Amino acid sequence: MNCIIIDDEATARAIVAQLCSSVDDLQVVGEFDSAIEGIKFLNHQDIDLVFLDIHMPGFSGIDFVQTLQNAPKIVLTTSDPNFAIEAYEYESVIDYLVKPITTERFKKAVKKVRNSIRTIHPGNSDQGEQENRKNDLYINIDRRLIKIEMPSIQVIEAKGDYIEIKTDDTVHRVHTTLKKIREKLPEQQFLQIHRSFIINFDRIVDIEDNSVLIEKQVIPISRSNRPELMRRLNLL
Amino acid sequence: MEQPNLNYIVELAGNDKVFKKKFIDILKCEFPNEKKEFLDNLNNNMPRAASLNVHKIKHKISVLGLEHGYERASVFEEELRDGITSMAEEFIAILECMDHFIKNIKV
């Protein structure tokens, strides 16, 4: 696993780098004194993990988290524990370390990151298990990772800063965007048919001119998304 | 008055003398600049900017084991955000204590 460290304070970067050296298979490939420099690096380099200070002049760690698309895993580091609740609202934020960071607490955070990566990339599992996990989606609600089986999803709707995932049994409300969840869904099974809706293709009951019936819910089709929907249909 | 120590860094370094020296070199280089920036902002009547300096210095306060100093710095940081500078003298005393300690660390 590789990582970068972003902190405007040189002593803080030195401490995190030293903590990284105490963990097997964790390489520091870059240290940056501003979030902007970190973003520039991430634009051309794949990174598993970012240790990110929150309080930095100009462009803060929170700005950094909000800006990144396809963000790597992030462990926040700060002297201010009051930000913990806000920090966990971001999907990519796995843990939160209050300075001065102890070795024990640091290792716990890295373990959480490894577990989180394994959830998404089950590289060490056998083929059958991998196939099963491809059908699962884990969502972070109140610091709990809740498993959703993809086939059970009917519709996903954008609602402001949140999305609502409607399954056969319930509705989950998650702080993320449609774009982010779309990247986690199998393309052949799910389709965005409106700027606020992604549907499970397998759950279509019927289609009218400007709407799709999913189970008992009528979902609008936007003009721009209609051609892709029609292309995918097995029309007689 | 509470005195600074290197317990945290000694524990973190273990037998790694290279890290310990590197860290102390960074500390000796970085702290005087942060202290100066804080004093400049305070003297130029820029309490919000000074509160950011205090926030940054807080990490070094905790790294040097000044638990009471850290608590006082946290209160001062909050007050500075509201434009209140009444704890300045107390905080400067903490900085002077750290400064003296850092200057006299021998690796």
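Figure 1. Helices here are DSSP runs of H or I with at least four residues, strands are runs of E with at least two, and both are numbered from the N terminus. The structure is a predicted model, in which local features need pLDDT of at least 70 and side-chain atom pairs count only at pLDDT 80 or more, while totals for chains, interfaces and linings use all residues. Residues are numbered from 1 along each chain as its sequence is written, and chains are lettered from A and ligands numbered from 1 in the order in which they are written.

**Figure 2. Helix α4 of chain B (residues 67–81) has a buried side and an exposed face.** Its 15 residues reach 22 Å from the first C-alpha to the last, close to the 21 Å expected at 1.5 Å a residue, where the expected span is 1.5 Å times one less than the number of residues. Buried in this helix are B:G69, B:Y70, B:A73, B:F76, B:E77 and B:L80; they cover an arc of only 125° around the axis, which puts them on the same side of α4(B). That arc is taken from the directions from the helix axis to the C-beta atoms. A residue counts as buried if 20 or more other C-beta atoms lie within 10 Å of its own, as exposed if 12 or fewer do, and as partly exposed in between, with C-beta atoms placed from the backbone. The buried residues pack against α3 (47–63) and α5 (88–103) of chain B, whereas the face turned away from them carries the exposed residues B:E67, B:H68 and B:E71.

**Figure 3. Helix α2 of chain B (residues 17–43) is covered in part by chain A.** The end C-alpha atoms of its 27 residues are 39 Å apart, which agrees with the 39 Å that the helix should span at 1.5 Å a residue. Its buried residues are B:F23, B:L27, B:F31, B:F38 and B:L42, and what covers them includes α1 of chain A together with α1 (7–13), α3 and α5 of chain B. Just after this helix, B:N45 takes a positive phi of about 55°.

**Figure 4. The contact between the chains takes 13 residues from chain A and 16 residues from chain B.** Two residues are in contact if their C-beta atoms, placed from the backbone, lie within 7 Å. Helix α1 of chain A (residues 10–21) gives the most to the side of chain A that touches chain B, with 6 residues.

**Figure 5. The residue A:D53 is found in strand β3 (residues 49–53) of chain A.** The UniProt annotation "modified residue: 4-aspartylphosphate", from an unreviewed entry, covers this position; such annotations may be inferred rather than shown by experiment. A:D53 is buried, with 26 other C-beta atoms within 10 Å. Leaving aside neighbours within four places in sequence, its contacts include A:I6, A:D7, A:D8 and A:T77.

**Figure 6. The residue A:D33 lies in the loop between β2 (27–32) and α2 (35–42) of chain A.** With 17 C-beta neighbours inside 10 Å, A:D33 counts as partly exposed. A:D33 and A:I6 are 27 residues apart in sequence and 5.8 Å apart in space, C-alpha to C-alpha.
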